[in-house]
Amino acid sequence: MKAIVVTDEAAGTAGMMLAERPEPPAAINDVVVEVHASGYVPTELTWPSTWTDRADRGRAPSIPGHELAGVVTSLGYGTTGLSVGQRVFGLADWHRDGSLAEYVAIEARNLAPLPGDVDFTVGASLPISGLTAWQGLFQHGRLQSGQTVLVHGAAGAVGSMVAQLAREFGAYVVGTGRTADRQTALDFGAHEFLDLGNDSLKDIGEVDLVFDVIGGDIQQQSAAIIRPGGTLVTIVGPPEARPADGLAVDFVVEADRAQLTEIVQRVRDGRLQTNIGTIASLDDAVAAFNPTERTKGKTIIRIRPCPRQTTVA
């Protein structure tokens, strides 16, 4: 099968290449999925799990990409809950070969059914962004209606999901980003926008919850405006700041079938919009991961040919 592989951690995305790899077998409780579309996170090549397994043994050449949508082609021994021919989407294990390939072996529990009216490209854009937003807001942030939420990177793939879900559940949403991100952040649900390059976080006043995707000085400033008892949720590593009389939580997103089902239902009924930028073929994936200018939205690789290949602004 064709797959994108990486062999040199120091090379970053420049070390990606398209190669032939053996099709993966289905282990116990696995399914093999014929991948139709795959999502990719730019920081993946810095994750230890890209290069080593759980026993800290090197596993290069490895296949990155952990978001996928496709069709189940075979079941491993003992696998239940899914069937051959079923459309699915989900989140592949960090320590195993990923989804930038024509086939992937994945634990069945990491997948959810993909409704027939949801395109594979859309399905592949949801697992990391959607689950990160859901778990950060509801499991770790304990969001309640009426609270004020500060969402950093509100025009990005994760931030746009956070803003939409927070607004749906009755929060007042303040989005941040660059000047050029203002309208996108507002379109994705922010009630107001703060330009991190020109405005001061102190101008917002107090907030109940901060969803941090930046860290560093911005995280420090954000913690200072959280109300007593509020929460800082971050996905960039152990928090460097803590709100007064509140919580600071960092987390790594986990696969969850029930949450994926909630997320895709919101896409179907129009409550949640995906933030897809570039759509490229597997043959063009390496170039897509090495853009010559700043990209907007999430890059999706369409593994199986479709009638039209487009780039959405």
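**Exercise 1. Which residue forms a salt bridge with Arg 227, and how far apart are the closest N and O atoms?**

Before you start: this is a predicted model, in which local features need pLDDT of at least 70 and side-chain atom pairs count only at pLDDT 80 or more, while totals for chains, interfaces and linings use all residues. Residues are numbered from 1 along each chain as its sequence is written, and side-chain values use heavy atoms, with hydrogens and water left out.

*Solution.* 
Step 1. The partner of Arg 227 is Asp 208, with 3.0 Å between the closest N and O atoms.
Step 2. Now place the pair: Arg 227 is in strand 12 (residues 226-234) and Asp 208 in strand 11 (residues 207-212), 19 residues apart. Helices (H or I, at least four residues) and strands (E, at least two) are DSSP runs, numbered from the N terminus.
Step 3. Check accessibility, where buried means under 20% relative accessible area, exposed over 50% and partly exposed in between (1.4 Å probe, protein chains only). Arg 227 has 29% and counts as partly exposed, while Asp 208 has 18% and counts as buried.

**Exercise 2. Find out which parts of the chain the salt bridges Asp 97 to Arg 59 and Glu 168 to Arg 266 link.**

*Solution.* 
Step 1. Asp 97 and Arg 59 meet through their side chains at 3.1 Å, N to O. Asp 97 sits in the loop between strand 5 and strand 6, and Arg 59 in the loop between helix 1 (48-51) and strand 4 (67-75), 38 residues apart.
Step 2. Compare the two ends: Asp 97 is partly exposed at 30%, whereas Arg 59 is buried at 15%.
Step 3. In the other pair, the closest N and O atoms of Glu 168 and Arg 266 are 3.0 Å apart.
Step 4. Glu 168 is partly exposed at 31%, but Arg 266 is buried at 5%.
Step 5. Zoom out a bit: Glu 168 and Arg 266 are part of a salt-bridge network with Glu 262, Asp 269 and Arg 271. The whole structure has 16 salt bridges.

**Exercise 3. Is Ser 99 buried or exposed, and what does its side chain reach?**

*Solution.* 
Step 1. Find Ser 99 in the loop between strand 5 (87-91) and strand 6 (103-107).
Step 2. Its relative accessibility is 0%, so Ser 99 counts as buried.
Step 3. Look at the polar atoms: one in the Ser 99 side chain is 2.8 Å from the backbone oxygen of Glu 67, and the backbone nitrogen of His 66 is 3.5 Å from a polar atom of that side chain.
Step 4. Then list contacts (heavy atoms within 4.5 Å). Leaving aside neighbours within four places in sequence, Ser 99 is in contact with residues including Val 35, Pro 64, Leu 68 and Ile 303.

**Exercise 4. Describe the surroundings of Lys 298.**

*Solution.* 
Step 1. Lys 298 is in strand 15, and at 6% relative accessibility it counts as buried.
Step 2. Its side chain joins that of Glu 67 in a polar contact of 2.7 Å. That term means a pair of N or O atoms within 3.5 Å; within protein, one must be able to donate a hydrogen and the other to accept it, and residues adjacent in sequence count only if both atoms are side-chain atoms.
Step 3. Not counting residues up to four places away in sequence, Lys 298 also touches others, among them Tyr 40, Ser 129, Ala 157 and Asn 275.

**Exercise 5. Why can helix 3 be called largely enclosed by the rest of the structure?**

*Solution.* 
Step 1. Count the buried residues: helix 3 (residues 127-140) has 11 out of 14, so the rest of the structure largely encloses it.
Step 2. Pick some out: Pro 127, Trp 134 and Leu 137 are among them.
Step 3. Look past the end: helix 3 is followed by Arg 142, whose phi is positive, near 50°.

Conventions
A salt bridge is a side-chain nitrogen of Lys or Arg within 4 Å of a carboxyl oxygen of Asp or Glu.
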